Amino acid sequence: LFAPAAEVAAAAPAPAPAAPAAVPSAAPTRPELHLDFISKPEAARALLDLVYGLGEEYNINTDEANKDVLRLAKTLDLPCLEALATRWLSLDLTSENVVHRMATCREFGLESMYDAIEEELVTNMPALLTVSHTDEVVTHPEILQGLLVRSARTHRPIPGAEGKSNKRALDEPKQGGRAEKMAKASHGPKGGA
């Protein structure tokens with residue numbers, strides 16, 4: 001009933017060559033996280049501060065480092081780190097850095113922060129005029145267009161245009177508008193010759 005062990009061994013397929021044995025190292029291996037997509041060390045420090053609870057404050061000093069933190073937050077799906085970096089975008093806004101920060105908001109899909117910064121800029125006329133004359137705003141036509149549209153709505157609202165686009169409201173004739181004045185002018189003064 002039972003075959004001799006030698007026959008079973010001869011009939012069985014040859015075993016696969018053994019994988020090379022792992023050479024034990026002096027130090028145990030630890031997981032590693034490669035952060036090739038960031039360039040500022042302070043972004044990694046912000047991540048470690050958050051993960052290990054090392055810092056009470058968000059200590060980022062540059063826009064580029066903050067962008068790296070946003071990349072980390074998006075890549076590693078860390079909403080609390082993203083919230084810190086998003087909040088930083090609204091701090092210390094100047095006419096020199098506002099366009100760059102708005103572009104960062106667009107790049108990372110931070111629409112509510114973008115809207116808040118845009119609203120702040122549009123309501124501050126001196127800052128809006130300064131920004132509108134910079135070379136940087138021209139390199140971001142979508143930001144310039146948004147500022148123009150929002151500024152027009154804020155500073156030059158069209159009466160009775162609720163629910164209509166501004167263009168349509170402009171195209172509709174107004175009571176006592178230019179068309180009426182032109183008609184009156186072409187017919188001459190009332191009671192004239």
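Arg 150 forms a salt bridge with Glu 119, and the closest N and O atoms of the pair are 2.9 Å apart; a salt bridge here is a side-chain nitrogen of Lys or Arg within 4 Å of a carboxyl oxygen of Asp or Glu. Because Arg 150 lies in helix H9 and Glu 119 in helix H6, the pair ties together parts that are 31 residues apart in sequence. This is a predicted model, in which local features need pLDDT of at least 70 and side-chain atom pairs count only at pLDDT 80 or more, while totals for chains, interfaces and linings use all residues. Residues are numbered from 1 along each chain as its sequence is written, and side-chain values use heavy atoms, with hydrogens and water left out.

**Salt bridges**

- Arg 150 is partly exposed, with a relative accessible area of 22%, and Glu 119 is also partly exposed, at 31% (buried means under 20% relative accessible area, exposed over 50%, and partly exposed in between, with a 1.4 Å probe and protein chains only).
- Through salt bridges that share partners, Glu 118, Glu 119 and Arg 150 are joined into one network.
- The structure holds seven salt bridges, and one of them links Asp 63 with Arg 101, whose closest N and O atoms are 2.9 Å apart.
- That pair connects distant parts of the chain, since Asp 63 is in helix H3 (residues 63–76) and Arg 101 is in helix H5, 38 residues apart; both Asp 63 and Arg 101 are buried.
- Lys 74 and Glu 82 meet through their side chains in a salt bridge of 3.3 Å, N to O, and Lys 74 is partly exposed, with a relative accessible area of 39%.

**Overall fold**

- The secondary structure of the protein chain comes to eleven helices and zero strands, where helices (H or I, at least four residues) and strands (E, at least two) are DSSP runs numbered from the N terminus.
- Of the 193 residues in the protein chain, 27% are buried.
- Among contacts in the protein chain with a separation of 6 or more, 55% are between residues 24 or more positions apart, a contact being heavy atoms within 4.5 Å.

**The nonpolar core**

- The largest nonpolar core has 34 residues, and those with the most contacts inside it are Val 69, Met 102, Leu 121 and Leu 147; such a core is a set of buried Ala, Val, Leu, Ile, Met, Phe, Trp, Tyr and Cys residues joined through side-chain atoms within 4.5 Å.
- The elements that give two or more residues to this core are H2, H3, helix H4 (79–89), H5, H6, H7 and H9.
- When neighbours within four places in sequence are left aside, Val 69 is in contact with Ala 43, Ala 46, Tyr 58, Ile 60, Leu 81 and Ala 85.

**Helix H7**

- Ala 127, Leu 128 and Val 131 are buried in helix H7 (residues 125–132).
- Seen down the axis of H7, its buried residues fall within an arc of 100 degrees, so they line one face of the helix; the arc is that of the directions from the helix axis to the C-beta atoms.
- The cover over the buried residues of H7 includes helix H5 (98–107), helix H6 (111–123), helix H8 (135–138) and helix H9 (141–155).

**The surface**

- The protein chain exposes about 14100 Å², of which carbon and sulfur atoms supply 58%, with accessible areas coming from the Shrake-Rupley method with a 1.4 Å probe, and for residues only the protein chains shown counting as cover.
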